[in-house]
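Here are my notes for when you have the model open.

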Amino acid sequence: MKPLLILGTEDHAQVVIDLCRSLHLEIKGVVSLSRQESASEIAGVPVLGDDRVLKENPVNEVNLVSGIGSVKVGKKREVLFSRYKKEGYEFCTLVHPMASVAQTAVLGEGAVVMAGAVVQAGATIGANAILNTSSSVDHHCRIGDHVHIAPGSVISGRVQIGRGTFVGAGACVIQGVEIGQGCQVAAGAVVVAPVFDGSRVLGVPAGEH
């Protein structure tokens, strides 16, 4: 395993750093995504500088981990993943030791599975996706690239969630429902019907907002 560079200095980066430490992975440093960043370290890991640091760390020497997690900057997470993949970098796929991932589940490159999360048999998790703390993805689900499943969310069996969708904390999606690309499901929503691309839904049962 190559040393890791963490992209971003937001709160999610600290959670990712703790996850990497739980896996005993070597963290070389944090890369700020703002040239106005003043922090010298994040959770005890040095901030090496802005994205110009990557020129000093070629693709054959490091792997990357995204430290971006907020729904407010979710698109930025996707843009950065695509940018650095084109430059030849690899993103590390991380599974917390306290998560449960079925042997028949498939995790895409750069997917992150946090503590307490469960991924059941036959599920597919896309590249650069986040399954946050204590979320649950049941059997034969298809979770798209760059999706963020927030803490405590429950995704029932055979659900499909499209690229770049955000599912808020404590939301529930019943079995077999399809959610499109670029959607936002509000915290605590209960999704019982299909959600079309780009929609925002909330409530119990969830309706478009």
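This is a predicted model: local features need pLDDT of at least 70, side-chain atom pairs count only at pLDDT 80 or more; totals for chains, interfaces and linings use all residues.

**Notes on the model**

1. Let's start with Leu107, which touches Thr93, Val95, Val101, Val113 and Ile125, leaving aside residues up to four places away in sequence; contact here means heavy atoms within 4.5 Å. Leu107 sits in strand E8 (residues 106–107). Strands (E, at least two residues) and helices (H or I, at least four) are DSSP runs, numbered from the N terminus. Leu107 is partly exposed, at a relative accessible area of 24%. On that scale buried is under 20% relative accessible area, exposed is over 50%, and partly exposed lies in between (1.4 Å probe, protein chains only).

2. Residues are numbered from 1 along each chain as its sequence is written, and side-chain values use heavy atoms, with hydrogens and water left out.

3. Next, strand E1 (residues 4–7). Which residues of E1 are buried on each face? Leu4 and Ile6 are buried on one side, and Leu5 and Leu7 on the other, so both faces are covered.

4. E1 also has partners to look at (two strands pair if DSSP finds at least two bridges between them). It runs parallel to strand E5 (residues 63–66), joined by 4 bridges, and parallel to strand E2 (residues 27–31), again through 4 bridges. Follow Ile6 across: its bridge partner is Val65 in E5 and Val30 in E2.

5. E1, helix H1 (residues 11–22) and E2 form a right-handed β-α-β unit. Right-handed means that, with the strands pointing away from the viewer, the path from the first strand over the helix to the second runs clockwise.

6. Now some backbone spots to check by eye. Most residues other than glycine have a negative phi, and most peptide bonds are trans. His140, not a glycine, has a positive phi of about 60 degrees; it lies in the loop between strands E13 (136–137) and E14 (142–143) and is partly exposed, at 31% relative accessible area.

7. Arg158 is also a non-glycine residue with a positive phi of about 60 degrees, in the loop between strands E16 (154–155) and E17 (160–161).

8. Finally, the peptide bond from Val204 to Pro205 is cis, with omega near -10 degrees. Pro205 belongs to the loop between strands E23 (200–202) and E24 (207–208).
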